[in-house]
Amino acid sequence: MDEMKRNETQTASTVQGTFTAEADKKGGPDSDNILEVRNLVKYFPIKSSFFKRTIGNVKAVDGVSFNIRRRTTMGLVGESGCGKSTCGRTILRLLEKTSGDVIFDGQDVFALSKEQLRKLRPRMQLVFQDPYSSLSPRLPVGEIIGEAVREHKIVDPSEFDDYISRVMDVCGLPSYYKERYPHEFSGGQRQRICIARALALAPDFIVCDEPVSALDVSIQAQIINLLMPLQKDFGLTYLFISHDLSVVEHISDTVGVMYLGNMVEYAETEKIYAKPLHPYTKALFSAIPIPDPDVRPERIILKGSIPSPANPPAGCKFNTRCEQCMEICKNKVPEWKEVEPGHFCACHLYSESV
């Protein structure tokens, strides 16, 4: 057992050495925030069936702003269809923005040329939601993890094989898995392969797009317990997108809540879970199960269904489902306001004009 621990320590330190060398090459400004998102908008056009004219837009992300500090995790939560995944992919420029700014380590992501963006790509990685469809069935695991490493020349060709083995060891994958194909692995093992593929490029920032939602509960715990030490050892920053509010509370330093394309509340994890401000956040958090049979939390049931993102309500988008709705909510969009130090909310309940 002691020998195994020594080997793991040596493996982590060896890979860390490669990461440190990459970090020295990158440099970058001395800022507390590695990512700054300002009024990010992403619309998908609706085309008419015959003339293919744009007759409307699906407002998937509609003016989202937040910062993520270095070496921390921000959780992003909300109902299905609220725009969480679209926000994450637009930040990585996998989707082109409609408007707004994304500043990564002092660089405007959408102002970069193709060549500049290609050089930045290794530093910004994505772990997909579905470990089954995100891996090529035609490539062995070693090639899946190492393909981008070779393309971006992360390590010398003579060290390539050993480097991939070390990355796999760090992610809990024996090196003899290199020759196997994705269909030979369980869901948890495939997600480890996805994490290893992202980690191999020595990134600074990883978008985890619901990385545990397709896994059993026991396997979810293993993946979370893998992500947290990796963050500490390699100085990673995560944007953790999830439906599981308990997992988000466990892993996140800050939490943002999205509803119908907008950020409605943002704060440090302890603050937002102890005292949610927005009516939607209160309803969302009331669904968190409490592992105590003697405690019966008051569940807030929202009435009605989520409006269409192609035709959202005027004013506050939540006004059609909010029990505390006022007349101003139906006509005026609430301001994004710092209600308490570090606790932001977009709701007329906290507006000085009401």
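Hi everyone, this short talk covers the nonpolar cores and the cavities of one structure.

A word on the model: it is predicted, so local features need pLDDT of at least 70, side-chain atom pairs count only at pLDDT 80 or more, and totals for chains, interfaces and linings use all residues. Residues are numbered from 1 along each chain as its sequence is written, and side-chain values use heavy atoms, with hydrogens and water left out.

Let's begin with the cores. A nonpolar core is a set of buried (under 20% relative accessible area, 1.4 Å probe, protein chains only) Ala, Val, Leu, Ile, Met, Phe, Trp, Tyr and Cys residues joined through side-chain atoms within 4.5 Å. The largest one holds 60 residues, and V149, L227 and L230 touch the most other members. Which residues does V149 contact, leaving aside neighbours within four places in sequence? They are I154, V155, F160, Y163, I164, A200 and L201, where contact means heavy atoms within 4.5 Å. A separate second core has 30 residues, including L92, V109, L239 and I241.

Now the cavities. On a 1 Å grid over the protein atoms alone, a cavity is a set of points where a 1.4 Å probe fits but cannot get out, and lining residues have an atom within 4 Å of a point. Points are joined across faces, edges and corners, and volume is the space filled by probe spheres set on them. There are two cavities of 30 Å³ or more.

The largest has a volume of about 80 Å³, and its lining includes H278, C316, F318 and C347.

Conventions. Buried means under 20% relative accessible area, exposed over 50%, partly exposed in between (1.4 Å probe, protein chains only). On a 1 Å grid over the protein atoms alone, a cavity is a set of points where a 1.4 Å probe fits but cannot get out, and a pocket is an open set with protein on both sides within 12 Å along at least five of seven lines; lining residues have an atom within 4 Å of a point.
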